[in-house]
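This report looks at one helix and at a strand that helps to cover it. Please keep the sequence and the model in view while reading.

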Amino acid sequence: MTPEYFPCYAADHPMAHRLIGIRRLFAVLFFLTVIVTEASASLLTDSIVGQISQTEYTSYVTRLQNYPTRYYNTAGNASALGYIRDEFLGYGLSVAYDPFTYGGTTYNNVVATLPGKTNPQNVYIVGAHMDSTSNLAATNAPGADDNASGMAAVLEMAKVLSGYLFDSTIKFIGFNVEEQGLIGSKAYVDDAKASGERVLGMLNFDMIAYSGGSNSVYLAGNTGLVDALFGNAGKYTGLTPSKSYTNQYGSDHYYFHSSLFPGSTSAFAIEALPVNNSNYHKTTDTTSYLDFAYASDITRMGVATIADLAGVTAAVPEPSTYILALVAGMTVWGAVVIRRKSRLA
Ligand SMILES: [Zn+2]
């Protein structure tokens with residue numbers, strides 16, 4: 001038997017018709033795969049949002065506020081940092097402390113990484129500051145709303161998203177020494193610029209659990225991220241978002257904004273701006289007046305946005321993907337066999 005060899009694809013050659021037919025079949029399969037992939041990405045985001053747990057979110061906020069203080073230069077701050085690191089490790093993420101100096105002393109952010117599968121150089125960051133302050137900062141700063149509420153959203157998102165595969169890398173960061181002037185996040189951005197890290201988007205949560213009986217949430221930052229959050233608030237939650245395409249100083253998204261970090265974008269979610277929480281920066285900032293259903297909805301808005309932007313492709317493990325590939329492969333094989341048989345008949 002001689003190998004089949006075509007010097008050209010002359011249309012009147014009998015083998016050319018077979019090739020064209022197979023190419024058509026591949027084209028149809030390709031478009032079907034694109035449609036199925038897009039539909040399944042949307043279904044995957046739906047399932048991710050559905051896994052956000054108010055119970056677990058509440059447990060993270062409670063755990064964080066129970067440190068007597070998380071003020072930047074206290075033992076409570078270091079302990080809380082260790083707790084966050086251990087939570088990230090428990091989700092199977094790789095975790096590292098990210099050291100920086102402030103006033104001659106070294107402090108740490110904590111960074112967990114979920115590596116991207118197809119474009120790992122592209123990075124999306126979900127962050128919140130983990131330190132707290134109050135009128136008695138050194139000894140009593142529960143910081144439940146500011147900002148255990150934001151850190152808990154990052155933890156819950158990390159827990160759920162670590163069960164999925166993404167095109168891009170996602171980093172989950174607890175920023176430190178925010179209350180002294182965005183020190184930890186500024187240090188992170190300086191390092192990212194120096195190393196050429198390709199941060200495409202940074203989503204920051206700061207004070208997201210005091211609803212005051214309202215479903216409103218304030219979104220500010222770069223247009224694309226803000227619009228994505230706004231859209232997902234409408235799609236997945238009962239929130240009433242308002243938006244502003246401005247870079248608001250006062251939290252860790254600030255130095256990630258495109259105007260200060262070219263190529264990067266950032267957005268900021270907060271319950272209200274100006275701040276309307278009367279317990280802000282006081283020893284009375286505790287879980288007792290927080291609205292966990294409301295904060296869970298803000299977390300859902302955020303997790304949908306990051307899942308879409310980072311390009312969710314599958315759950316881990318995801319048998320349906322392999323079944324889809326198997327069915328596609330068998331379809332091609334079957335079509336070729338049938339065509340061969342019909343030619344021989
Ligand atoms: Zn804050």
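In this predicted model, the buried residues of helix α3 are covered by elements that include α2 (54–65), β1 (94–102), β2 (105–114), α4 (144–161) and β5 (168–175). The helix itself spans residues 75–90, and its 16 residues reach 23 Å from the first C-alpha to the last, close to the 22 Å expected at 1.5 Å a residue.

Which residues of α3 are buried? They are Asn 77, Ala 80, Leu 81, Tyr 83, Ile 84, Glu 87 and Phe 88. These residues lie on the same side of α3 because they cover an arc of only 160° around the axis. On the other side of the helix, by contrast, Ala 75, Asp 86 and Leu 89 are exposed. Just after α3, Gly 92 takes a positive phi of about 85°.

Among the elements that cover the buried residues of α3 is β5, a strand that is itself mostly covered, with 8 of its 8 residues buried. Strand β5 pairs with β2 in the antiparallel sense, while β3, which comprises residues 119–129, runs parallel to β5. The table sets out these two pairings, each with a residue pair that belongs to it.

| Strands | Sense | Bridges | Residue pair |
|---|---|---|---|
| β3 and β5 | parallel | 8 bridges | Val 123 with Thr 169 |

Methods:
Residues numbered from 1 in each chain as written. Predicted model: local features only at pLDDT ≥ 70, side-chain atom pairs only at ≥ 80, totals over all residues. Helix = DSSP H or I, 4+ residues; strand = E, 2+ residues; numbered from the N terminus. Expected span 1.5 Å × (residues − 1). Buried ≥ 20, exposed ≤ 12 C-beta atoms within 10 Å, placed from the backbone. Arc of directions from axis to C-beta. Contact = placed C-beta atoms within 7 Å. Pairing = 2+ DSSP bridges.
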